[in-house]
Amino acid sequence: AGEDGGEGEWQDRKECESKEEGELPDSLLVVSYNIWFSKAHWEARLMALVGLWPPNTDIVCLQEVTPRVLFKLQGMQEVRNRFVIPDVSEVCWTVGNYGTTMLVAKHLPLDTFRLVDMPSRMGRRLLVAEFAKGRFAVGTVH
């Protein structure tokens with residue numbers, strides 16, 4: 001996973017593990033979007049989508065994310081300031097040319113991101129974020 005290290009650069013966390021500790025809030029705002037992997041107007045669509053997220057969003061689940069979209073998200077200061085994002089490695093990327101990703105607010109007690117293989121002819125995998133010592137999880141799959 002990556003997070004802004006305070007000097008404008010993402011810092012990797014070994015095996016997508018977080019350093020956050022603490023309790024989950026009483027409620028979470030989770031949003032989920034299939035963002036369509038097409039190249040057509042991808043940047044304008046992404047910017048419009050980011051503008052839709054309420055400022056108190058805790059978790060953003062995205063499907064059909066391409067590497068260019070993920071890298072654009074990682075370069076956005078608003079995203080860098082607020083969220084932890086799994087990387088595009090074998091550990092946290094779900095499908096070859098596109099996949100799912102999750103943006104998790106830094107204040108949440110994130111333990112880890114992991115992938116779960118799904119019975120699929122298309123190689124689908126469930127991306128799971130686990131919180132609060134495994135007491136809570138959020139998943140996204142396409």
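Q: Which backbone atom does the side chain of D111 reach?
A: The side chain of D111 reaches the backbone nitrogen of K133, at 2.6 Å. A polar contact is a pair of N or O atoms within 3.5 Å; within protein, one must be able to donate a hydrogen and the other to accept it, and residues adjacent in sequence count only if both atoms are side-chain atoms. This is a predicted model, in which local features need pLDDT of at least 70 and side-chain atom pairs count only at pLDDT 80 or more, whereas totals for chains, interfaces and linings use all residues. Residues are numbered from 1 along each chain as its sequence is written, and side-chain values use heavy atoms, with hydrogens and water left out.

Q: Where does D111 lie, and is it buried or exposed?
A: D111 lies in strand β7, residues 110-117, and is buried. Buried means under 20% relative accessible area, exposed over 50%, and partly exposed in between (1.4 Å probe, protein chains only). Helices (H or I, at least four residues) and strands (E, at least two) are DSSP runs, numbered from the N terminus.

Q: How many salt bridges does a search of the whole structure find?
A: The search finds 3. In one of them, the side chains of K72 and E43 meet at 2.7 Å, N to O. This pair links distant parts of the chain, with K72 in helix α2 and E43 in helix α1, 29 residues apart.

Q: Why does K72 count as partly exposed?
A: K72 counts as partly exposed because its relative accessibility is 28%.

Q: And which residue does R114 bridge to?
A: R114 forms a salt bridge with E130, the closest N and O atoms being 2.4 Å apart. Here too distant parts of the chain are linked: R114 is in strand β7 and E130 in strand β8 (residues 125-131), 16 residues apart. R114 is partly exposed at 36% relative accessible area, whereas E130 counts as buried at 19%.

Q: What about E78?
A: E78 forms a salt bridge with R82, with the closest N and O atoms 3.4 Å apart. Both lie in helix α3 (residues 77-82), 4 residues apart, about one turn of the helix.

Q: Changing topic: which residues have the most contacts inside the largest nonpolar core?
A: They are W53, V60, L62, L73, V79 and L103, in a core of 17 residues. A nonpolar core is a set of buried Ala, Val, Leu, Ile, Met, Phe, Trp, Tyr and Cys residues joined through side-chain atoms within 4.5 Å. A second, separate core of 15 residues includes I59, F113, A129 and F131.

Q: Now the open sheet: what is its strand order?
A: The order of its 4 strands is β3-β4-β6-β5, with mixed pairing. Two strands pair if DSSP finds at least two bridges between them.

Q: Which strands does β6 run antiparallel to?
A: β6 (residues 99-105) pairs with β5 in the antiparallel sense over 2 bridges, and 5 bridges join β6 to β4, also antiparallel. F83 has A105 as its bridge partner in β6, and L62 has T101.

Q: How many residues of β6 are buried?
A: In β6, 7 of its 7 residues are buried.

Note on methods. Lys and Arg count as positive and Asp and Glu as negative; His and the chain ends are not counted. A salt bridge is a side-chain nitrogen of Lys or Arg within 4 Å of a carboxyl oxygen of Asp or Glu.
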